[in-house]
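Thanks for asking me to look over this one.

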Amino acid sequence: MVFHKEFQTAGKEPGLQVWRVEKMDLKPVLKQLHGNFFTGDCYVLLYTTAAPSYYIHMWLGSESSQDEKGAAAIFTTQLDDFLGGGPVQFREVQNNESLTFLGYFKSGIKYKQGGVASGFQHVVTNDMNVKRLLHIKGRRAIRATEVDMSWSSFNRGDCFIIDLGKDIFQWCGSECNSFERLKASQVAIDVRDNERNGRATLLMIEEGGEPQAVIDALGPKPNIPAGSADDESVDRSNQKKGVLYMISDAAGSMKASVVAQTSPFKQEMLSSSECYILDNGVDSKIFIWKGPSANTAERNAAMKAAEQFIKEKKYPKHTQVQVLPGGGETTLFKQFFCNWKDKDQTTGPGQAYSLGRIARVVQVPFDSSSLHTNKTMAAQHGMVDDGSGKVQVWRVEDGDQVPVDPSSYGQFYGGDCYLVLYSYRLGGREQHIIYTWQGLKCTQDELAASAFLTVRLDDSMGGSPVQVRVTQGQEPAHLMSLFKGKPMVIHLGGTSRKGGQSRVGSTRLFHIRQSSTRATRAVEVEPSAAFLNTNDVFVLKSSNTVFLWRGVGATEEELAAAQYVTSFLGGGSATEVSEGKEPAGFWSALGGKKEYQTSRSLQKMVKPPRLFGCSNKTGRLIAEEVPGDFNQSDLATDDVMLLDTWDQVRSWPDLNVELSSFLLAKDYVDSDPSGRRGIAITTIKQGMEPPTFTGWFQAWDPKLWETDPLERIRARF
């Protein structure tokens, strides 16, 4: 088999790689432009996990030609062959992408008009003469579509980004709610930081308050029409309808024979020497399962078989396709089986889980010997390298930048702002990133100074760095990996400036967790037993002793990070405590025993937790899953959110909808394709969340909603 030269780097390091099909050839897309797609083009994407396991996505633009689609299919098959036939393959169609795909781009995906045929290129630009209009849709999966630069594109129910090059305006319609504004702000910040290298001014404007620059760009403003209802939502009542077929002669005149007419199915129905179609066409999804010992011609023809099946069934062209090798089944596929067991379901501590919320493939036992070779890249946050470049850190103090002592690099205090300059070499050239880290307890003056000092530092370097603004608790994986094997340590409040330290409490608790990229972060939380979590490590310092508490599912790396935390807290050597064997002094230092997160289903990669936003405004249950790694800021306070941890479903409602939130959760369980029935449903009030809920979100902040999330993101403008 002849392989494309681009495949030489394919899958060599964890993270996301993106190629565009150009004149029947493959050309790589720059990392900071990942998430931008021309509607006239086709793309091939490869996501590699640390295991490694592989996900190949073929993305088809709505205006791409038949030739380009054919070339993308050929490159996808070749890449699958090159990686040994083990990857999971996805066929993605513009506006109907899979959750796995959307999870790579947490700040949304952007559809641009045009394509390679009309001369459009992917470039990072300091060009300040850009003029374009982006229409933002979606609450969970955010899509920004380039539309005509005209008032006729607007409606009152959505947010729009008016991009004028050096000024970027986020326009909010009078009917759009605060959560939609919040998500649109993430897109605007992403355009500024990645496409414009941090060199543009962001402004949020309301309908009716348009500045002159906007009127000059768009002309006199007419009456704007009302918004239309979101049409992206999914009706769960049909999702359980699956039919299982065995396919024969996929490489020739494919025949499909029914194995089971309706789900849930049993795993024994799949023979390792055959290929199968799981038809979930009512939900616009088709799965092809390739038995590990099926013949090669059939395995290679799997995507073609799926497309033929879609035609025969007269399903819409945008139907999603997943091609799964035996052993590489996704959560969406496994939910159609009532008794699915992965071969490694019972092994090992929770290391495997932390490797890939996006991955969700096979359990990987922890292997410390391969650590130094495992330079894991973060797909979502553009992990430019492994963090081994040069780091300089300054603290914002009295309106100026003061160097931080290198011995305390990696320690960040909630009462401070910091500038972190990272320099590395790429393709023989020196590159720079400025991270501006803003503590949640710093003053308004320091916030303003940090923004000004970032621009000053950028200007002093000739405007070449990329700027990234980071709010405490939202640190990207790359920033976490800059401290030479030490964890990033985040102190709840206080400051690191000389003589300025506020007195820290006599009892302090640090929560240590590893990210999916193997970087560790130690976050200080309130010293209460309710914050403990069976999957992680905690360091507790009281007035006279230091405890290192190890949860049952903790990893070796988390333990090593905890030992580093104990070294700078002082108080002598730490007493190591295993979960379940705590001495009385441990509980009394925490103010007594309390219920905490003890669920270990975090560790079963088989069924990772899933978060849904739900409504039944139309009289039927609409459940939309949050793509990728979820965090506390994905909880929309104006929706009912369902957290599904398989053995239990927790509904998190607005305070006045308890009854309907319980019924929504019950509807959700009753319509589950695996046939789950009668599992526990917990209804949770905002502000009264128990640890069995908060433990699924790292570094839960009980005060998050005391300030308006919109005000917090505005501070990043």
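1. A word on terms before we start: contact here means heavy atoms within 4.5 Å. With that in mind, His-122 touches Arg-20, Val-29, Leu-33, Asn-36, Phe-38 and Tyr-43, leaving aside residues up to four places away in sequence. You will find His-122 in the loop between strand 7 (109-112) and strand 8. His-122 has a relative accessible area of 15%, so this residue counts as buried. Its C-alpha is 8.9 Å from that of Phe-37, although 85 residues separate His-122 and Phe-37 in sequence.

2. Please keep in mind that this is a predicted model. The average pLDDT over the chain is 82, and 84% of the residues score at least 70. Residues 231-238 have a pLDDT below 50, and the model gives this stretch 24 contacts beyond near neighbours in sequence. Residues 654-659 also stay under 50, with nine contacts beyond four places in sequence.

3. Ten strands form an open sheet with mixed pairing, in the order 2-1-4-5-6-17-16-15-13-14. Which strands stand at the edges? They are strand 2 (25-28) and strand 14 (255-260); each has a single partner strand, so one side of each is left without a neighbour in the sheet. From one strand to the next, the twist averages 25°.

4. For a closer look at one pairing, take strand 15 (residues 275-280) and strand 16 (residues 285-290). These two run antiparallel and are joined by six bridges. Ile-277 has Ile-288 in strand 16 as its bridge partner.

5. Helix 1 (residues 66-82) lies across strand 1 (15-22), strand 2, strand 4 (42-48), strand 5 (54-60), strand 6 (88-93) and strand 16, and runs at about 175° to strand 5. Helix 6 (residues 302-312) packs on the sheet too, where it touches strand 5, strand 6, strand 13 (243-248), strand 15, strand 16 and strand 17 (320-325). The direction of helix 6 makes about 145° with that of strand 16.

6. On to the interior. In soluble globular proteins, nonpolar side chains tend to be buried together. Here the largest nonpolar core has 35 residues, and those with the most contacts inside it are Ile-136, Leu-611, Leu-635, Phe-693 and Phe-697. Elements giving two or more residues to this core are strand 8 (132-137), strand 10 (159-163), strand 11 (167-172), helix 3, strand 12 (201-206), strand 32 and helix 15. Which element gives the largest share? Helix 3 does, with seven residues.

7. Beyond four places in sequence, Ile-136 touches Ile-142, Arg-143, Ala-144, Asp-158, Cys-159, Ile-161, Ala-184 and Val-187. There is also a second, separate core of 34 residues, which includes Val-18, Leu-244, Phe-287 and Phe-333.

8. Now the charged pairs. The model has 32 salt bridges. One of them joins Asp-634 and Lys-183, with the closest N and O atoms 3.1 Å apart. This pair links distant parts of the chain, 451 residues apart: Asp-634 is in the loop between strand 31 (622-625) and strand 32 (640-644), while Lys-183 is in helix 3 (residues 178-195). Asp-634 is buried at a relative accessible area of 5%, and Lys-183 is buried at 5% as well.

9. Compare that with Glu-526 and Lys-703, whose side chains meet in a salt bridge at 3.8 Å, N to O. Again the pair links distant parts of the chain, 177 residues apart: Glu-526 is in the loop between strand 26 (520-525) and strand 27 (537-541), and Lys-703 is in the loop between helix 14 (691-694) and helix 15 (709-715). Are these residues buried or partly exposed? Glu-526 is partly exposed at 33% relative accessibility, and Lys-703 is partly exposed at 46%.

10. Arg-610 forms a salt bridge with Glu-625, the closest N and O atoms being 2.8 Å apart. Arg-610 is buried at 9% relative accessibility, and Glu-625 is buried at 9%. Elsewhere, salt bridges that share partners join Lys-110, Lys-112, Arg-132, Asp-163, Asp-190, Glu-195 and Arg-196 into one network.

Notes: Residues are numbered from 1 along each chain as its sequence is written. This is a predicted model: local features need pLDDT of at least 70, side-chain atom pairs count only at pLDDT 80 or more; totals for chains, interfaces and linings use all residues. Side-chain values use heavy atoms; hydrogens and water are left out. A salt bridge is a side-chain nitrogen of Lys or Arg within 4 Å of a carboxyl oxygen of Asp or Glu. Helices (H or I, at least four residues) and strands (E, at least two) are DSSP runs, numbered from the N terminus. Buried means under 20% relative accessible area, exposed over 50%, partly exposed in between (1.4 Å probe, protein chains only). A nonpolar core is a set of buried Ala, Val, Leu, Ile, Met, Phe, Trp, Tyr and Cys residues joined through side-chain atoms within 4.5 Å. Two strands pair if DSSP finds at least two bridges between them. Axes are lines fitted to C-alpha atoms, for helices over the stretch in contact, and angles run from 0 to 180 degrees between N-to-C directions. pLDDT is the predictor's confidence in each residue, from 0 to 100.
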